[in-house]
Amino acid sequence: MMKKGMETAKTTNMTEGPTLPLLLSFAIPLMIGNIFQQIYNLADTVIAGRFLGEEAIAAIGAVSAIYSLLMNATWGLNNGYCIVLSRYFGAGDEKRFKKAVAAMILLNLSISVVLTVFSLSFLKPLMRMLHTPDDIFAQSYLYIAIILAGLVTTVAYNACAGYLRAMGNSKIPLYFLIFSSLLNLTLDVLFIVVMKSGIGGTALATVIAQAVSALLCGGYIFRKYKEYIPEKTDFRPEADLLQEMFSMGFSMALMQAVYSVGSVILQRAINNLGTAVITAHTASTRIREMIMLPMGAFSGAGSTFVGQNYGARKYDRIVEGIRKVIGMELVWSLISICLSWLFGRMIVIWMTGTTDESVIANALLNLKVSAVCFFPLGVLFVLRNSMQAMGHKILPVLSSSIELGVKVLSAAVIVPAVGYPGVVAAEPVTWCLCAVFLSVFYVTIGHQKQRNRVFPA
């Protein structure tokens with residue numbers, strides 16, 4: 001069993017103490033870390049737009065759905081693995097915790113190889129299927145091929161950061177991420193401005209910075225968490241543990257992948273609308289993702305909180321935590337509306353450097369409509385993560401299927417009929433539908449089951 005009090009300097013026990021301060025102290029470093037994580041992509045967009053032109057932004061945007069599909073899938077896998085880790089940490093089961101870490105390492109190595117080989121082998125046919133415009137096809141292919149070749153670096157960082165967060169430590173991953181984000185900015189300038197390496201330099205800077213982040217975070221774990229590092233015998237995990245880890249990781253990855261497949265299909269419809277629309281959508285999506293970062297941090301904090309308390313079998317504390325996180329999401333969604341509606345135009349112009357009014361207008365339309373529906377999105381984030389942490393794997397995946405269905409309908413029928421406004425409406429509609437779907441389940445079936453103390457053995 002884990003020793004009492006070991007959570008002082010390096011970990012945080014979220015099964016005891018005031019709920020809101022714990023959630024905020026965990027979420028704030030996570031939010032800052034997410035901001036710097038997004039700087040990777042934002043730097044690519046801003047610097048590419050400023051020094052390589054609007055076509056470079058379009059080239060990145062045309063394959064952004066492919067990028068998101070694989071990145072979200074690997075993030076989902078590790079998020080699922082780390083939910084299991086947080087349960088064992090909350091339960092104080094050190095032996096099982098170390099075996100789970102070993103299983104996570106083995107699964108990540110195997111899946112990284114498979115995804116890298118598969119994605120690179122079918123990349124060009126997939127880009128053709130997405131109707132990537134011929135004038136930016138070569139640039140898009142170079143960018144995404146380099147990113148995918150470095151997929152293992154993303155997986156490694158997600159695993160290391162998730163490991164620390166499962167034990168309530170969200171600060172250390174932040175420090176390494178800040179450093180590597182600054183490195184990414186420096187390399188972007190070096191490769192694009194100084195060395196004139198074009199869009200390939202943008203991708204290479206991202207991969208190198210991600211690799212440095214993973215190495216630093218992994219090195220810290222080996223130095224400071226020796227008591228939690230798996231031993232040789234732990235790398236022969238039992239079949240039931242492997243099944244638990246894989247099923248949780250796969251369900252999270254499937255949830256992300258189903259959502260991302262819908263985005264890939266919608267991207268095809270966007271690509272048919274021309275380079276100017278792709279540029280506008282890419283810019284507004286980057287801005288929207290930055291504004292949404294606190295929402296993801298709050299739900300991520302909630303997931304760790306729920307996972308640890310589920311392991312400790314403290315249901316009343318879980319309910320209280322979920323309510324507090326939803327309240328935090330509401331406050332930020334109101335702030336987001338103000339930011340998007342008051343400063344959206346200025347931010348779009350700053351990011352793209354464009355003077356094309358059609359690009360500005362389309363980007364602003366997407367940003368404003370999305371912001372209005374940020375609160376349902378926040379509820380969706382919280383309930384998805386919390387239900388996964390409590391072992392409800394099917395409902396979150398079904399909610400992603402709703403998103404897939406709406407995006408397929410939009411791409412096939414609505415966008416060809418009304419153009420870009422159909423794209424703008426697609427995601428906010430899915431957020432509202434999925435939030436209602438999961439809320440009904442949580443308030444009725446899920447809530448009642450947990451009230452009856454349905455905890456794992």
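Student: How many disulfides does the structure hold?
Tutor: This is a predicted model. A disulfide here requires two cysteine sulfur atoms within 2.5 Å. For Cys338 the nearest cysteine sulfur, that of Cys373, is 15 Å away, and for Cys373 the nearest, that of Cys432, is 4.0 Å away. The number of disulfides in the structure is zero.

Student: Is Cys373 buried or exposed?
Tutor: Buried means under 20% relative accessible area. Cys338, at 44%, is partly exposed. Cys373 has a relative accessibility of 15%, so this residue counts as buried.

Student: How many helices does the chain have?
Tutor: The secondary structure of the chain includes zero strands. The helices in the chain come to 16.

Student: What is the radius of gyration of the chain?
Tutor: The C-alpha trace spans about 60 × 45 × 35 Å along its principal axes. For 457 residues the globule rule gives 23 Å, and the chain comes close to that, so it is as compact as a globular protein of that length. Its radius of gyration is 21 Å.

Student: Which residue joins its side chain to that of His281 in a polar contact?
Tutor: His281 is found in helix H11 and is buried, with a relative accessible area of 11%. Leaving out residues up to four places away in sequence, His281 touches Ile270, Asn366, Tyr420 and Val423. The polar contact between side chains is 2.8 Å, and the partner of His281 is Tyr420.

Student: Which residues does Thr15 contact, leaving aside its neighbours within four places in sequence?
Tutor: Thr15 is found in the segment before helix H1. Its relative accessible area is 6%, so Thr15 is buried. Its contacts beyond those neighbours are Gly90, Gln308, Asn309, Ala312, Lys314 and Arg317.

Student: What is the phi of His131?
Tutor: Most residues other than glycine have a negative phi. His131 lies in the loop between helix H5 and helix H6 and is partly exposed, at 32% relative accessible area. Although His131 is not a glycine, its phi is positive, at about 60°.

Student: Is Lys196 buried or exposed?
Tutor: Lys196 sits in the loop between helix H8 and helix H9. Its phi is positive, about 55°, although Lys196 is not a glycine. The relative accessible area of Lys196 is 65%, so this residue is exposed.

Technical notes:
Residues are numbered from 1 along each chain as its sequence is written. This is a predicted model: local features need pLDDT of at least 70, side-chain atom pairs count only at pLDDT 80 or more; totals for chains, interfaces and linings use all residues. Side-chain values use heavy atoms; hydrogens and water are left out. Helices (H or I, at least four residues) and strands (E, at least two) are DSSP runs, numbered from the N terminus. Buried means under 20% relative accessible area, exposed over 50%, partly exposed in between (1.4 Å probe, protein chains only). Contact means heavy atoms within 4.5 Å. The radius of gyration is taken over C-alpha atoms; the globule rule is 2.2 Å times the number of residues to the power 0.38. A polar contact is a pair of N or O atoms within 3.5 Å; within protein, one must be able to donate a hydrogen and the other to accept it, and residues adjacent in sequence count only if both atoms are side-chain atoms.
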